[in-house]
Amino acid sequence: MMRQSGVRCRSLDIKSEDLDMKKIGILTGGADCPGLNAVIRAVVYKGLQEGYVITGIKNGWQGLIDNDTRILDTRAVSGILDRGGTILGTSRVDPSQSPEQIEKIAENYKRNGMDAVIAVGGEVTLATALDLFNRDILNVVGIPKSIDNALSGTDYAFGFDTAVQVATELIDRLHTTAESHHRIMVIEVMGHYTGWIAVEAGLAGGADVILIPEIKINIEKVCEALRSRHRRGKSFSIIVVSEGAEFDAHSGIPEGYEKRRFGSIGEKLAKLIENITGYEARVSVLGHIQRGGAPTAFDRILGTRFGVKAVEMVKEGKFGKMASYQNNRIKYCDIAEAVKQRKKVEMDLFDIARVFCAE
Ligand code: F6P
(Lines give C-alpha, C1' and ligand atoms only; values in the text may rest on other atoms or scores of the structure.)
Protein backbone atom coordinates (compact mmCIF):
# COMPACT_ATOMS: atom_id res chain seq x y z
CA MET A 1 0.00 0.00 0.00
CA MET A 2 1.38 3.43 -0.94
CA ARG A 3 2.04 5.75 1.95
CA GLN A 4 0.40 9.11 1.29
CA SER A 5 3.08 11.73 0.85
CA GLY A 6 2.37 15.45 0.98
CA VAL A 7 4.29 15.85 -2.25
CA ARG A 8 1.80 13.78 -4.20
CA CYS A 9 -1.00 16.27 -3.63
CA ARG A 10 0.97 19.36 -4.50
CA SER A 11 1.45 21.11 -7.80
CA LEU A 12 4.20 20.02 -10.20
CA ASP A 13 5.72 23.49 -9.80
CA ILE A 14 6.65 22.85 -6.20
CA LYS A 15 10.27 23.72 -5.41
CA SER A 16 12.14 20.92 -3.72
CA GLU A 17 14.15 23.44 -1.62
CA ASP A 18 10.88 24.25 0.15
CA LEU A 19 10.61 20.78 1.57
CA ASP A 20 12.60 19.36 4.40
CA MET A 21 12.80 15.94 2.81
CA LYS A 22 15.58 13.90 1.24
CA LYS A 23 15.82 14.43 -2.49
CA ILE A 24 16.71 12.12 -5.35
CA GLY A 25 17.39 13.40 -8.85
CA ILE A 26 16.81 11.12 -11.83
CA LEU A 27 18.18 11.57 -15.35
CA THR A 28 18.12 9.54 -18.55
CA GLY A 29 21.21 9.91 -20.76
CA GLY A 30 22.47 8.66 -24.12
CA ALA A 31 20.26 6.95 -26.69
CA ASP A 32 16.57 6.70 -25.85
CA CYS A 33 15.20 3.21 -25.44
CA PRO A 34 11.98 1.38 -24.54
CA GLY A 35 11.58 0.95 -20.78
CA LEU A 36 13.00 4.31 -19.67
CA ASN A 37 9.55 5.52 -18.63
CA ALA A 38 8.94 2.33 -16.65
CA VAL A 39 12.13 3.10 -14.69
CA ILE A 40 11.14 6.73 -14.06
CA ARG A 41 7.69 5.66 -12.88
CA ALA A 42 9.15 3.06 -10.54
CA VAL A 43 11.66 5.52 -9.05
CA VAL A 44 8.86 8.02 -8.41
CA TYR A 45 6.51 5.49 -6.78
CA LYS A 46 9.18 3.82 -4.66
CA GLY A 47 10.87 7.12 -3.84
CA LEU A 48 7.65 8.72 -2.61
CA GLN A 49 6.84 5.61 -0.63
CA GLU A 50 10.22 5.93 1.09
CA GLY A 51 9.64 9.62 1.82
CA TYR A 52 11.90 11.16 -0.85
CA VAL A 53 11.19 14.07 -3.15
CA ILE A 54 11.96 13.01 -6.72
CA THR A 55 13.42 15.61 -9.06
CA GLY A 56 13.38 14.86 -12.77
CA ILE A 57 16.48 16.20 -14.56
CA LYS A 58 15.82 17.07 -18.20
CA ASN A 59 17.92 15.83 -21.14
CA GLY A 60 20.58 13.81 -19.34
CA TRP A 61 23.58 15.64 -17.86
CA GLN A 62 22.55 18.76 -19.82
CA GLY A 63 19.70 19.28 -17.33
CA LEU A 64 22.11 19.46 -14.41
CA ILE A 65 24.37 21.83 -16.33
CA ASP A 66 21.40 24.12 -17.14
CA ASN A 67 19.49 23.50 -13.90
CA ASP A 68 16.56 22.27 -15.97
CA THR A 69 14.62 20.19 -13.48
CA ARG A 70 11.11 19.56 -12.24
CA ILE A 71 9.60 17.75 -9.31
CA LEU A 72 7.90 14.49 -10.28
CA ASP A 73 4.84 13.19 -8.48
CA THR A 74 2.63 10.23 -9.36
CA ARG A 75 0.53 12.44 -11.62
CA ALA A 76 3.61 13.26 -13.68
CA VAL A 77 4.28 9.58 -14.34
CA SER A 78 0.71 8.49 -14.87
CA GLY A 79 0.10 6.55 -18.09
CA ILE A 80 3.74 6.26 -19.15
CA LEU A 81 4.52 2.61 -18.38
CA ASP A 82 3.84 1.45 -21.93
CA ARG A 83 5.36 4.46 -23.68
CA GLY A 84 8.71 4.34 -25.48
CA GLY A 85 11.26 7.16 -25.24
CA THR A 86 11.68 9.14 -22.04
CA ILE A 87 9.43 11.82 -20.55
CA LEU A 88 12.59 13.51 -19.24
CA GLY A 89 14.23 13.82 -22.64
CA THR A 90 17.81 12.76 -23.24
CA SER A 91 21.07 13.93 -24.79
CA ARG A 92 24.51 12.58 -25.49
CA VAL A 93 26.15 15.42 -23.52
CA ASP A 94 29.21 14.12 -21.65
CA PRO A 95 30.53 16.76 -19.25
CA SER A 96 33.48 14.73 -18.01
CA GLN A 97 35.98 16.65 -20.17
CA SER A 98 34.66 20.12 -19.34
CA PRO A 99 35.65 21.70 -15.99
CA GLU A 100 33.02 24.44 -16.50
CA GLN A 101 30.23 21.92 -17.01
CA ILE A 102 31.37 19.88 -14.03
CA GLU A 103 31.30 23.02 -11.89
CA LYS A 104 27.76 23.76 -13.05
CA ILE A 105 26.68 20.24 -12.21
CA ALA A 106 28.15 20.54 -8.69
CA GLU A 107 26.44 23.90 -8.25
CA ASN A 108 23.01 22.77 -9.42
CA TYR A 109 23.16 19.49 -7.53
CA LYS A 110 23.62 21.53 -4.34
CA ARG A 111 21.11 24.20 -5.36
CA ASN A 112 18.43 21.54 -5.81
CA GLY A 113 19.33 20.04 -2.44
CA MET A 114 19.78 16.60 -3.98
CA ASP A 115 21.12 13.77 -1.84
CA ALA A 116 21.73 11.48 -4.80
CA VAL A 117 21.23 11.13 -8.53
CA ILE A 118 19.92 7.99 -10.21
CA ALA A 119 21.61 7.95 -13.61
CA VAL A 120 19.85 5.76 -16.17
CA GLY A 121 22.06 5.13 -19.16
CA GLY A 122 24.60 3.13 -21.08
CA GLU A 123 28.39 3.03 -21.12
CA VAL A 124 29.02 6.77 -21.51
CA THR A 125 26.34 8.06 -19.13
CA LEU A 126 27.42 5.64 -16.42
CA ALA A 127 31.14 6.34 -16.92
CA THR A 128 30.36 10.04 -16.42
CA ALA A 129 28.29 9.21 -13.33
CA LEU A 130 31.21 7.27 -11.90
CA ASP A 131 33.63 10.07 -12.71
CA LEU A 132 31.44 12.63 -10.91
CA PHE A 133 31.07 10.29 -7.95
CA ASN A 134 34.84 9.71 -7.77
CA ARG A 135 35.39 13.48 -7.81
CA ASP A 136 33.05 13.72 -4.81
CA ILE A 137 30.63 15.91 -6.74
CA LEU A 138 27.54 13.80 -6.35
CA ASN A 139 26.21 10.57 -4.90
CA VAL A 140 25.14 8.33 -7.71
CA VAL A 141 23.34 5.06 -8.35
CA GLY A 142 23.30 3.68 -11.90
CA ILE A 143 20.66 1.76 -13.87
CA PRO A 144 21.77 -0.15 -17.00
CA LYS A 145 19.98 0.91 -20.20
CA SER A 146 21.09 -0.36 -23.59
CA ILE A 147 19.45 -1.89 -26.62
CA ASP A 148 22.97 -3.12 -27.40
CA ASN A 149 23.22 -5.10 -24.11
CA ALA A 150 26.89 -4.13 -24.00
CA LEU A 151 27.15 -3.25 -20.30
CA SER A 152 29.09 -5.67 -18.14
CA GLY A 153 27.99 -6.61 -14.61
CA THR A 154 24.42 -7.37 -15.65
CA ASP A 155 22.98 -10.24 -17.69
CA TYR A 156 20.61 -7.82 -19.41
CA ALA A 157 20.09 -4.09 -19.67
CA PHE A 158 16.48 -3.03 -20.24
CA GLY A 159 15.64 -2.08 -23.84
CA PHE A 160 17.49 -5.00 -25.36
CA ASP A 161 14.53 -7.39 -25.23
CA THR A 162 12.31 -4.91 -27.08
CA ALA A 163 14.97 -4.29 -29.74
CA VAL A 164 15.30 -8.05 -30.30
CA GLN A 165 11.53 -8.45 -30.49
CA VAL A 166 11.17 -5.64 -33.05
CA ALA A 167 14.10 -6.87 -35.14
CA THR A 168 12.67 -10.41 -35.10
CA GLU A 169 9.28 -9.23 -36.32
CA LEU A 170 10.95 -7.30 -39.15
CA ILE A 171 13.10 -10.29 -40.13
CA ASP A 172 9.90 -12.37 -40.31
CA ARG A 173 8.39 -9.82 -42.67
CA LEU A 174 11.48 -9.68 -44.88
CA HIS A 175 11.59 -13.48 -45.00
CA THR A 176 8.42 -13.60 -47.10
CA THR A 177 9.81 -11.25 -49.75
CA ALA A 178 13.16 -13.05 -49.80
CA GLU A 179 11.38 -16.33 -50.41
CA SER A 180 8.89 -15.08 -53.00
CA HIS A 181 11.52 -13.20 -55.04
CA HIS A 182 14.38 -15.69 -54.58
CA ARG A 183 16.59 -12.97 -53.15
CA ILE A 184 19.31 -12.61 -50.60
CA MET A 185 18.03 -10.24 -47.92
CA VAL A 186 20.74 -8.47 -45.95
CA ILE A 187 19.25 -7.09 -42.73
CA GLU A 188 21.43 -4.64 -40.84
CA VAL A 189 20.63 -4.32 -37.15
CA MET A 190 21.98 -2.00 -34.47
CA GLY A 191 24.23 -3.07 -31.62
CA HIS A 192 27.15 -0.67 -31.84
CA TYR A 193 30.38 -2.62 -31.19
CA THR A 194 28.62 -5.82 -30.07
CA GLY A 195 26.49 -8.39 -31.87
CA TRP A 196 23.87 -9.25 -29.24
CA ILE A 197 20.88 -7.98 -31.22
CA ALA A 198 22.12 -9.72 -34.38
CA VAL A 199 22.60 -13.09 -32.67
CA GLU A 200 19.34 -13.14 -30.73
CA ALA A 201 17.15 -11.65 -33.49
CA GLY A 202 18.96 -13.83 -36.05
CA LEU A 203 18.29 -16.95 -34.02
CA ALA A 204 14.66 -16.01 -33.37
CA GLY A 205 14.09 -15.00 -37.00
CA GLY A 206 15.70 -18.11 -38.50
CA ALA A 207 18.58 -16.30 -40.23
CA ASP A 208 20.86 -18.29 -42.54
CA VAL A 209 23.94 -16.15 -41.90
CA ILE A 210 24.68 -14.06 -38.79
CA LEU A 211 27.55 -11.56 -38.85
CA ILE A 212 28.74 -9.83 -35.70
CA PRO A 213 31.60 -7.52 -34.67
CA GLU A 214 33.08 -10.23 -32.47
CA ILE A 215 33.94 -12.35 -35.55
CA LYS A 216 35.42 -10.77 -38.69
CA ILE A 217 33.46 -11.37 -41.89
CA ASN A 218 35.02 -13.74 -44.39
CA ILE A 219 33.14 -12.85 -47.56
CA GLU A 220 34.11 -16.06 -49.40
CA LYS A 221 32.74 -18.15 -46.52
CA VAL A 222 29.48 -16.15 -46.58
CA CYS A 223 29.12 -16.60 -50.35
CA GLU A 224 29.85 -20.30 -50.10
CA ALA A 225 27.10 -20.67 -47.49
CA LEU A 226 24.66 -18.98 -49.90
CA ARG A 227 25.77 -21.18 -52.84
CA SER A 228 25.41 -24.25 -50.70
CA ARG A 229 21.82 -23.28 -49.84
CA HIS A 230 21.13 -22.82 -53.56
CA ARG A 231 22.53 -26.28 -54.27
CA ARG A 232 20.08 -27.62 -51.69
CA GLY A 233 17.22 -25.94 -53.53
CA LYS A 234 16.95 -22.85 -51.30
CA SER A 235 16.94 -19.94 -53.70
CA PHE A 236 16.74 -17.28 -50.99
CA SER A 237 18.70 -16.47 -47.84
CA ILE A 238 18.44 -14.19 -44.85
CA ILE A 239 21.62 -12.52 -43.61
CA VAL A 240 21.53 -10.59 -40.34
CA VAL A 241 24.52 -8.30 -39.97
CA SER A 242 25.33 -6.17 -36.97
CA GLU A 243 26.16 -2.54 -37.80
CA GLY A 244 29.58 -2.88 -36.13
CA ALA A 245 30.67 -6.00 -38.03
CA GLU A 246 33.92 -5.76 -40.01
CA PHE A 247 35.44 -7.63 -42.93
CA ASP A 248 38.55 -9.70 -42.42
CA ALA A 249 41.83 -8.92 -44.14
CA HIS A 250 41.14 -11.41 -46.96
CA SER A 251 37.82 -9.98 -48.09
CA GLY A 252 39.33 -7.50 -50.54
CA ILE A 253 37.95 -4.39 -48.83
CA PRO A 254 39.65 -1.13 -49.83
CA GLU A 255 41.95 0.33 -47.21
CA GLY A 256 40.29 2.88 -44.94
CA TYR A 257 36.86 1.38 -45.53
CA GLU A 258 36.55 0.19 -41.93
CA LYS A 259 36.64 3.79 -40.74
CA ARG A 260 33.08 4.15 -42.02
CA ARG A 261 30.13 5.37 -39.96
CA PHE A 262 27.78 2.72 -38.67
CA GLY A 263 24.97 2.15 -41.11
CA SER A 264 26.80 1.10 -44.27
CA ILE A 265 28.00 -2.45 -43.73
CA GLY A 266 24.76 -3.94 -45.12
CA GLU A 267 25.05 -2.02 -48.37
CA LYS A 268 28.67 -3.01 -48.87
CA LEU A 269 27.93 -6.63 -48.08
CA ALA A 270 25.00 -6.85 -50.51
CA LYS A 271 27.11 -5.38 -53.34
CA LEU A 272 29.94 -7.83 -52.71
CA ILE A 273 27.53 -10.78 -52.60
CA GLU A 274 25.92 -9.77 -55.90
CA ASN A 275 29.34 -9.32 -57.54
CA ILE A 276 30.72 -12.62 -56.29
CA THR A 277 27.68 -14.92 -56.56
CA GLY A 278 25.45 -13.23 -59.12
CA TYR A 279 22.47 -13.66 -56.77
CA GLU A 280 20.21 -10.64 -56.33
CA ALA A 281 20.85 -9.12 -52.91
CA ARG A 282 18.80 -6.39 -51.19
CA VAL A 283 19.42 -4.47 -47.98
CA SER A 284 17.19 -3.33 -45.16
CA VAL A 285 18.70 -1.16 -42.44
CA LEU A 286 16.38 -1.45 -39.44
CA GLY A 287 17.94 1.57 -37.67
CA HIS A 288 16.07 3.52 -35.02
CA ILE A 289 12.86 1.51 -35.47
CA GLN A 290 14.52 -0.98 -33.11
CA ARG A 291 14.63 1.68 -30.41
CA GLY A 292 11.13 3.05 -30.81
CA GLY A 293 7.67 2.13 -29.62
CA ALA A 294 6.29 0.32 -26.63
CA PRO A 295 8.58 -1.80 -24.42
CA THR A 296 7.96 -5.53 -24.15
CA ALA A 297 6.53 -6.87 -20.88
CA PHE A 298 10.03 -8.10 -19.99
CA ASP A 299 11.52 -4.61 -20.36
CA ARG A 300 8.67 -2.99 -18.44
CA ILE A 301 9.19 -5.40 -15.59
CA LEU A 302 12.99 -5.20 -15.70
CA GLY A 303 12.87 -1.39 -15.76
CA THR A 304 10.41 -1.41 -12.86
CA ARG A 305 12.59 -3.78 -10.84
CA PHE A 306 15.69 -1.65 -11.52
CA GLY A 307 13.85 1.54 -10.51
CA VAL A 308 12.67 0.11 -7.20
CA LYS A 309 16.11 -1.34 -6.49
CA ALA A 310 17.86 1.96 -7.25
CA VAL A 311 15.78 3.80 -4.63
CA GLU A 312 16.59 1.08 -2.09
CA MET A 313 20.26 1.51 -2.95
CA VAL A 314 20.05 5.26 -2.37
CA LYS A 315 18.39 4.59 0.98
CA GLU A 316 21.18 2.18 1.91
CA GLY A 317 23.91 4.57 0.69
CA LYS A 318 25.16 2.18 -1.99
CA PHE A 319 26.69 4.89 -4.16
CA GLY A 320 28.98 4.34 -7.11
CA LYS A 321 27.00 1.12 -7.73
CA MET A 322 24.62 0.01 -10.47
CA ALA A 323 21.45 -2.05 -10.13
CA SER A 324 22.00 -5.26 -12.07
CA TYR A 325 20.20 -8.38 -13.24
CA GLN A 326 22.04 -11.57 -12.37
CA ASN A 327 20.52 -15.05 -12.68
CA ASN A 328 16.98 -13.64 -12.59
CA ARG A 329 17.66 -11.70 -9.40
CA ILE A 330 18.03 -7.93 -9.06
CA LYS A 331 21.33 -7.24 -7.37
CA TYR A 332 23.97 -4.57 -7.75
CA CYS A 333 27.57 -4.23 -8.88
CA ASP A 334 30.19 -1.47 -9.01
CA ILE A 335 29.61 0.96 -11.87
CA ALA A 336 33.35 0.59 -12.47
CA GLU A 337 32.81 -3.09 -13.23
CA ALA A 338 29.92 -2.33 -15.60
CA VAL A 339 31.87 0.16 -17.73
CA LYS A 340 35.33 -1.42 -17.54
CA GLN A 341 34.87 -3.38 -20.72
CA ARG A 342 32.12 -4.04 -23.23
CA LYS A 343 30.18 -7.25 -22.76
CA LYS A 344 30.84 -9.18 -25.97
CA VAL A 345 28.59 -11.90 -27.37
CA GLU A 346 29.27 -15.11 -25.46
CA MET A 347 30.57 -17.80 -27.76
CA ASP A 348 28.40 -20.54 -26.23
CA LEU A 349 25.40 -18.55 -27.50
CA PHE A 350 27.04 -18.13 -30.90
CA ASP A 351 27.74 -21.87 -30.98
CA ILE A 352 23.98 -22.42 -30.81
CA ALA A 353 23.56 -20.05 -33.77
CA ARG A 354 26.22 -22.08 -35.63
CA VAL A 355 23.91 -25.12 -35.53
CA PHE A 356 21.57 -23.24 -37.90
CA CYS A 357 23.57 -20.51 -39.58
CA ALA A 358 26.84 -19.68 -41.26
CA GLU A 359 29.01 -16.76 -40.14
O1 F6P B 1 23.61 2.52 -28.24
C2 F6P B 1 22.36 2.44 -28.82
C3 F6P B 1 22.43 2.75 -30.27
O4 F6P B 1 21.13 2.64 -30.79
C5 F6P B 1 23.41 1.90 -31.08
O6 F6P B 1 22.93 0.61 -31.34
C7 F6P B 1 23.60 2.77 -32.30
O8 F6P B 1 24.84 2.53 -32.93
C9 F6P B 1 23.57 4.16 -31.73
O10 F6P B 1 22.86 4.07 -30.51
C11 F6P B 1 22.91 5.17 -32.63
O12 F6P B 1 22.93 6.41 -32.00
P13 F6P B 1 22.24 7.72 -32.57
O14 F6P B 1 20.76 7.56 -32.36
O15 F6P B 1 22.80 8.82 -31.74
O16 F6P B 1 22.59 7.79 -34.00
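**Domains and ligand site**

I started with the division of the chain: domain 1 covers 2–159 + 295–339, and domain 2 covers 161–291. I keep in mind that this is a predicted model.

I looked up the spacing next. The centres of domain 1 and domain 2, taken over C-alpha atoms, are 36 Å apart.

Then I turned to the interface. I found 15 residues of domain 1 in contact with 12 residues of domain 2. The two domains bury about 1,100 Å² between them, with 52% of it on carbon and sulfur atoms.

I count one salt bridge between domain 1 and domain 2. I also count nine residue pairs in polar contact between these domains. On the side of domain 1 that touches domain 2, I list eight nonpolar, three polar and four charged residues.

I noted a salt bridge between Arg 291 and Asp 32, whose closest N and O atoms are 3.0 Å apart. Arg 291 is also one of the residues around the ligand. Its side chain has an N or O atom 2.9 Å from a ligand oxygen.

I went through the other ligand distances. For the side chain of Asp 148, an N or O atom is 2.7 Å from an oxygen of the ligand. For His 288, the corresponding distance is 2.8 Å. How much of the ligand does the protein bury? I read 72% of the 400 Å² that the ligand exposes when taken alone.

The residues around the ligand also include Ala 31, Arg 92, Ile 147, Met 190 and Phe 262.

Conventions:
Residues are numbered from 1 along each chain as its sequence is written. This is a predicted model: local features need pLDDT of at least 70, side-chain atom pairs count only at pLDDT 80 or more; totals for chains, interfaces and linings use all residues. Side-chain values use heavy atoms; hydrogens and water are left out. Domain bounds come from an automatic or database domain assignment. Contact means heavy atoms within 4.5 Å. Buried area is the accessible area (1.4 Å probe) that two parts lose on being put together, summed over both. A salt bridge is a side-chain nitrogen of Lys or Arg within 4 Å of a carboxyl oxygen of Asp or Glu. A polar contact is a pair of N or O atoms within 3.5 Å; within protein, one must be able to donate a hydrogen and the other to accept it, and residues adjacent in sequence count only if both atoms are side-chain atoms. Ala, Val, Leu, Ile, Met, Phe, Trp, Tyr, Cys and Pro count as nonpolar, Asp, Glu, Lys and Arg as charged, and the others, Gly among them, as polar. A residue is near a molecule or strand if one of its heavy atoms lies within 4 Å of it. Accessible areas come from the Shrake-Rupley method with a 1.4 Å probe; for residues, only the protein chains shown count as cover.
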